[in-house]
Amino acid sequence: MSTKKISIRKLSVLVFFFGSFFIFGQQRTGNIVEYFGKEKVEEISEGILEHVFTKGLLVNFQSFGLNSATFPEDPVFERFLRDAQYSPKQGDVFDIDSQGKEIKWQSIQTNNTNTFSDRELRSGYVFLTYTSNSEKTLLFEASGHTVALVNGMPQEGDHYDFGWSLIPIKLKKGTNTFVLKVGRFPRVRARLIKPYKTIDFTSRDMTVPDILIEDDSDFVGAIRVVNNTNSWVKGYSIVSNHSGMSRTTNVPNIAPMTMRKVPFSFAPAVGSDQETIKVQLALANGSKKTIATQEFAAAVKSKSKHHKRTFISAIDGSVQYYSVAPSTDQKTEAQAMFLSVHGASVEATNQARAYKQKDWGNLIAPTNRRPFGFAWEDWGRLDALEVLADAKEIYKPDASKIYLTGHSMGGHGTWYLGATYPDYFAAIAPCAGYPDLLEYRNSFARRRANLTIEQVKRFGITPKILERMNTVAVPTMVEKVIERAGTPSRTIKLMRNYLQQGVYILHGEKDNVVPTFLAQDMRERLGTFHPDFTYYEYPDGTHWYGDHSVDWPPLFNFFKERTIKESNTIKNLEFYTGSPGVSASSHFITIHQQVVPFEVSSFKFSSKKNIQLELDNVAKIEVDFSVLADSLKTITINDTQIEVDRKRGKQYFENTTDGWVKTTAPSLKEKGPHRSGGFKDAFTNNMVFVYATKGSNAVNDWYYNRAKFDAETFWYKANGNVEVVRDVDFSLSKYLNRNVVLYGNKDNNAAWKTLLKNAPIQVSNSEVVMADKRLKGEQWGMYFIVPRHDSDKASVGVVTATGIKGMKAAYANHYLVNGTTFPDVLLFDDSVLLEGTSAVKCAGFFGNDWSVENGDFEWK
C-alpha cells in the first residue's frame, strides 16, 4: 500500500491537526493516566507573589499554510527580535492573512483563575507588559506557552501546562515586555514572584526513586537549585538526612540567573516497615552554612512489587527514572525481560502499573525522559537504551529473551526501536501504535479529506485554506537534504529489519486517536514478506479500553514462544540503517560508513559453502568471523570474492573504485558508529555548553542567554542537567572526552581557537569561510557539528552567527524537538523567521573524513 510522501513544509500544518485530534480523541477514549498524570503546580513556595498578569494583547496567527518543523516561519517573534522598540497597541494591524483579512492585536483578560483562556489563543501570541519602579530580580512563572521573549531574550516555555517553569529574570526600570507563544492548549498564565532567597531549592519537578527495603546501596534523586544572583554558585553541596543517616553530594557549578536540576544521594533503609520516609535536604555553601532546606517523602517498597528506580544518565549527567513490574518469581535466574514504552502524557510509573506481574520475567518501563519526551526518537531512543542496559545489569536476564512492547506513542516507539535495533529483541508488540511519525501525520490528511462542512468550520478552515493545505509541496534540493537527516526515523524504510523478530500487532477496532487503518496498513506491508507476525483487532476497542490494551495474555504467549537467534545459527540476515551513528550492527556485521550519508544503507547476508554479502550504500563494513563456521574460507561482496583469515576474528572491507577489498579498522578520527554526525548528535555524551564572553556587551548577553535557553529547554523537554560554562573557563583537560556545544564565533568565543582552530568551517564577525566559499555580512546564522580534535568519540556542535542579525535569526532551538531534521551543516540568513526553509542557503553532510571537499552539500 503506497502513501504519498509529505514535504517538511507541511509538518506544522499536520502538527496542528495532530494536536487537535489527539486531544479530542483522548477526551473521548480516556487513557491510563489522568490529565498528564500530574496535578498542575498552583501554590508558590519560592517567594511572594509580586504581580499577576491579568490584561494583555493577543494576535492569532494560524499557520494553515505550508511550513517547516525544522525552520518554522515565525513572523511575530521576528518582529520583536528585529525591533526592540516594537510595542503593539489594541487594534494595531500586524499583518494580513492568506484571505486578505487584517490580523490585529486584540485585548484579552484573564478569567477567575487568573488564566488567559480563549479558543483564539491556539496558535496565538500574548503580549504583556510590566512597569517596574527599579531594576530588580524576580522569578518569571508562566505556563501553557512554548517559548517566551522577555525583554527580547528567548526563554523556555511550559508547553504542557505543568506549572514547573521558574526563570530568574532581571527587570529593568520602566517597561518590561513579555511575548508568549501559546502552546497546544488555548490557555496561558503568567506571574512574577519575588524570591525569598537569592539561592534556593524548588520542589517543583523533583525526581526521586522508591526506597527498596532489600537494597543496602545509596539512592539518587534530583532537585532544582535556583540561582537568583549575578554570581556563580560554586563549591556548594547537598546534605540529605533521614533516620539519623546523612549523605553529602557536591553540587555542580550553577551559572548566574539560572536554575539547574542537580543530583543528590540519600541513604538506604534496609528492612524498613514504613510506607514512606521523610528525607531532609540542606543546601550548604562553601563555608558549610545551610542556606536552603527542603523535605520530601520517599515511598518505601519491596523490590518484589511495582517500584521505580533511578540512574545517572551518560547523556548529560542527569538523574532519570524507570518503573518496574518485577517477576513474581524472585528465585529463578536469567528470566525474560520486557521493555514497555509509554504513550504521550503517560508517566512510566503508570505504564508499569498497567501490567500484572508475570512469573517468567521483569517488565521495565523507561520514561522517554518525559511523559511526552521525544516520541522514543532522539533522546527518547537513548533513554530506552540506557534503561535497558541498567535493567540488564540489575536483573541479568536470559539474553535471548528480551522483548519490546508499548502503547500509542509507545506503540510507535515499539515499531521504531524494533526496526532500529532488530537483534536486541526476540519479538515486538506495538499496541495502538503508528509505525512512522510522518505516516501518522499523513493520516490526518486522510481524515481531513473526509471532514464534514461543520467540522471544517469548527477548525476555522475555509475552502481556500483547505485547498492550500491539500497542495502537495515539491521540496527544493536543500530541503531534500534537510529531510534526509531524518532517514533514521523513517521506520517504513527499515521495516525489513522486522524479519529478525516476531511481530504481534494489537489495535482497537474503533481507535480514533491512532487510526486503525494505520495498523491495517502495516498488516498489509508485513504480509508481503514477513513469515512470523500476528494481527489482532480488539472488537469495539477504542484507543484505550482498559489495561488489556497492553497487558494482553495472547501477546505475552506470543513472546514466550520466541527467542533471539544465536549468531552462529544464522544462515540469512538482512539489516537496514539510516545512519551508523544511530544503528550500525546486527549480530556479527557492522556498517561503519556510508557512501551517501543518511540514505538507507543495508546488507543481505547468506552462508552456504561461502559467505555472500550484498551491500547497498556501504563504504566500510566489519564482519566478525569468529562466530561463523570454520569451513567458510571466502566471502563474496557484491560479486567480488575475497579470501578471509578466520583466525583474525573481526575483519574489515572497503568499497573502492576497484571494488571491495580488505582493509584495516577505520580510524576513529573518521565517521563511524561512534560519531557520525547530524547536528543533534552534539547534544549527548555529557555535553557542556560554552558561551562567548569576548564580544560586545550585547553580543555577550545574547550568547549567554542563548546557552541558558538551550539548557532550560533540555531540562524541560529531557529532564536534563546541562553544565553552562564561560569560554574563558573552558579547557580540554577539564572537560575531557565530553561533547561541547559552542555559542559564538571565532572573534567572540575564546574557546573557538581551542576547539575549532582547524575546523573545515570558520565563522567570524561578518564572514563565513567554508572551503572555497567566503560569505560576507552580519546576516548569517549557522549550525554545524565536527569531531572534537583531541577525542576519539566527542563532538563539537556550533551555534554561531556573523553578527546581530544572524544571532537573532538563530534564536530558535528546534534541534531539541523530536521530529525535526538537522544534517551536519545548516547555513541560513536573517530572513529565516519569515521565510522558513526558503532562507536556508546551504545544507549538507561532511564526508567520512569530516571534510567539506568529500561531503554532500546543496546550495541555494
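Which residue in β39 is the bridge partner of N655? In β39, that partner is W660, and the two strands concerned, β38 and β39 (residues 659-663), pair in the antiparallel sense over five bridges. This is a predicted model, in which local features need pLDDT of at least 70 and side-chain atom pairs count only at pLDDT 80 or more, while totals for chains, interfaces and linings use all residues. Residues are numbered from 1 along each chain as its sequence is written, and side-chain values use heavy atoms, with hydrogens and water left out.

**Hairpins and paired strands**

- Helices (H or I, at least four residues) and strands (E, at least two) are DSSP runs numbered from the N terminus, and two strands are taken to pair if DSSP finds at least two bridges between them.
- The link from β38 to β39 is a hairpin through two residues, and β38 (residues 650-656) is also joined by five bridges to the antiparallel strand β35 (residues 618-624), where D624 has K650 of β38 as its bridge partner.
- Strands β22 (residues 307-312) and β23 (residues 319-325) are antiparallel and share six bridges, with T310 standing opposite Y321 in β23.
- Six residues lie between β22 and β23 in their hairpin, and in the turn G317 has a positive phi of about 75°.

- Four bridges hold the antiparallel pairing of β2 (residues 55-60) with β5, and within β5 the bridge partner of G56 is I108.

**The five-strand sheet**

- A further open sheet has five strands in the order β30-β33-β34-β36-β37, with mixed pairing, and its edge strands, β30 (572-577) and β37 (640-643), each pair on one side only.
- On average, and with direction ignored, neighbouring strands of this sheet are turned by 20° against each other.
- Strand β30 runs antiparallel to β33 (residues 601-607) and is joined to it by six bridges, with S602 in β33 as the bridge partner of Y576.

**Cavities and a pocket**

- On a 1 Å grid over the protein atoms alone, a cavity is a set of points where a 1.4 Å probe fits but cannot get out, a pocket is an open set with protein on both sides within 12 Å along at least five of seven lines, and lining residues have an atom within 4 Å of a point.
- Grid points are joined across faces, edges and corners, and a volume is the space filled by probe spheres set on the points.
- The structure holds five cavities of 30 Å³ or more, and the largest cavity has a volume of about 170 Å³.
- Among the 17 residues lining the largest cavity, M259, R260, A711, V722 and V724 are the closest to its centre.
- The second largest pocket has a volume of about 1100 Å³, and of its 38 lining residues, V150, N151, M153, D701 and N705 are the closest to its centre.
- Helix α12 gives the most to the lining of the second largest pocket, with seven residues.

**Aromatic pairs**

- The structure holds 64 aromatic pairs, counted for rings of Phe, Tyr and Trp (its six-membered ring) whose centres lie within 6.5 Å, with planes under 30 degrees apart classed as stacked, over 60 as edge-to-face and the rest as tilted.
- The rings of W752 and F784 have centres 6.4 Å apart and planes at 75°, so the pair is edge-to-face.
- This pair links distant parts of the chain, with W752 in helix α13 (residues 752-756) and F784 in strand β46 (residues 781-787), 32 residues apart.

Note on methods: Axes fitted to C-alpha atoms, helices over the stretch in contact; angles between N-to-C directions.
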